[in-house]
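Good morning, everyone. Please look at the screen for a moment, and then I will walk you through one chain.

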Amino acid sequence: MQRGKPDLSCQNKFIPIDFSRQILPGTFEFALSHIVDNCLDLSGFDAWYQNDKRGAAAYPPTVMLKIILLGYAHGLVSSRRIAQACETNITFMSLSGDVQPHYTS
């Protein structure tokens with residue numbers, strides 16, 4: 001019987017990832033990030049956050065808008081699937097800065 005190398009496809013591997021190098025210029029994700037960061041006025045969301053002295057820290061509106069729009073662009077309309085993508089998909093992790101909001105957020 002042939003002696004072969006073991007199949008390690010089920011194994012996890014820890015790989016260092018530079019999130020800033022995952023979103024390449026010319027891609028939809030890069031354009032989305034640029035538009036949300038530089039072209040949209042999201043100051044209207046600041047009135048909703050009244051947690052200066054009490055309450056939990058809020059997720060930045062730019063992060064939430066990026067992952068929601070990217071999710072919709074990829075056909076993910078469920079908040080649970082978008083939350084799961086933020087945990088498993090490198091593009092979602094890169095756009096959100098590895099923030100993993102709960103699906104109820």
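Let's begin at threonine 104. Threonine 104 sits in the segment after H4. Keep in mind that this is a predicted model.

Is threonine 104 buried or exposed? Threonine 104 is exposed, because its relative accessible area is 60%, and exposed means over 50%. Now pair threonine 104 with phenylalanine 19. These two are 85 residues apart along the chain. Their C-alpha atoms are separated by 25 Å.

Stay in that segment. Aspartate 98 also lies after H4. What is its phi? Aspartate 98 has a positive phi of about 65°, and it is not a glycine. Most residues other than glycine have a negative phi.

Next, the overall plan. How many helices and strands does the chain have? Four helices and zero strands. Along the sequence, the pattern reads α-α-α-α.

Now the core. Which residues have the most contacts inside the largest nonpolar core? They are Leu32, Ile67, Leu70, Leu76, Phe92 and Leu95. The core has 13 residues in total. In soluble globular proteins, nonpolar side chains tend to be buried together.

What does leucine 70 contact, beyond its neighbours within four places in sequence? Leucine 70 is in contact with Phe28, Glu29 and Leu32, and also with Thr91, Phe92 and Leu95.

On to the loop between H1 and H2, where we find tyrosine 49. Tyrosine 49 has 33% relative accessibility, so it counts as partly exposed. Leaving out residues up to four places away in sequence, tyrosine 49 touches Ala58, Tyr59 and Pro61. Look at tyrosine 59 again. Tyrosine 49 and tyrosine 59 are ten residues apart along the chain, and their C-alpha atoms are separated by 9.9 Å.

Let's zoom out to the whole chain. What is its radius of gyration? The chain has 18 Å. A compact globule of 105 residues would have a value near 13 Å. The C-alpha atoms fill a box of roughly 70 × 35 × 25 Å along the principal axes.

How much is buried? Of the 105 residues, 23% count as buried. The accessible surface of the chain comes to about 8400 Å². Carbon and sulfur atoms account for 53% of that surface.

Two last values. Consider the contacts with a separation of 6 or more: 54% of them come from residues 24 or more positions apart. And the charges: there are 9 positive and 9 negative, with mean positions 11 Å apart.

That is my tour. Thank you.

Note on methods: Residues numbered from 1 in each chain as written. Predicted model: local features only at pLDDT ≥ 70, side-chain atom pairs only at ≥ 80, totals over all residues. Heavy atoms only, no water. Core = buried A, V, L, I, M, F, W, Y, C linked by side-chain atoms within 4.5 Å. Buried < 20%, exposed > 50% of the residue type's maximum accessible area, 1.4 Å probe, protein only. Contact = heavy atoms within 4.5 Å. Helix = DSSP H or I, 4+ residues; strand = E, 2+ residues; numbered from the N terminus. Rg over C-alpha atoms; globule rule 2.2 N^0.38 Å. Areas by Shrake-Rupley, 256 points an atom, 1.4 Å probe, with all protein chains shown as cover. Lys, Arg positive; Asp, Glu negative; His and termini not counted. Charge placed at Lys NZ, Arg CZ, Asp CG, Glu CD.
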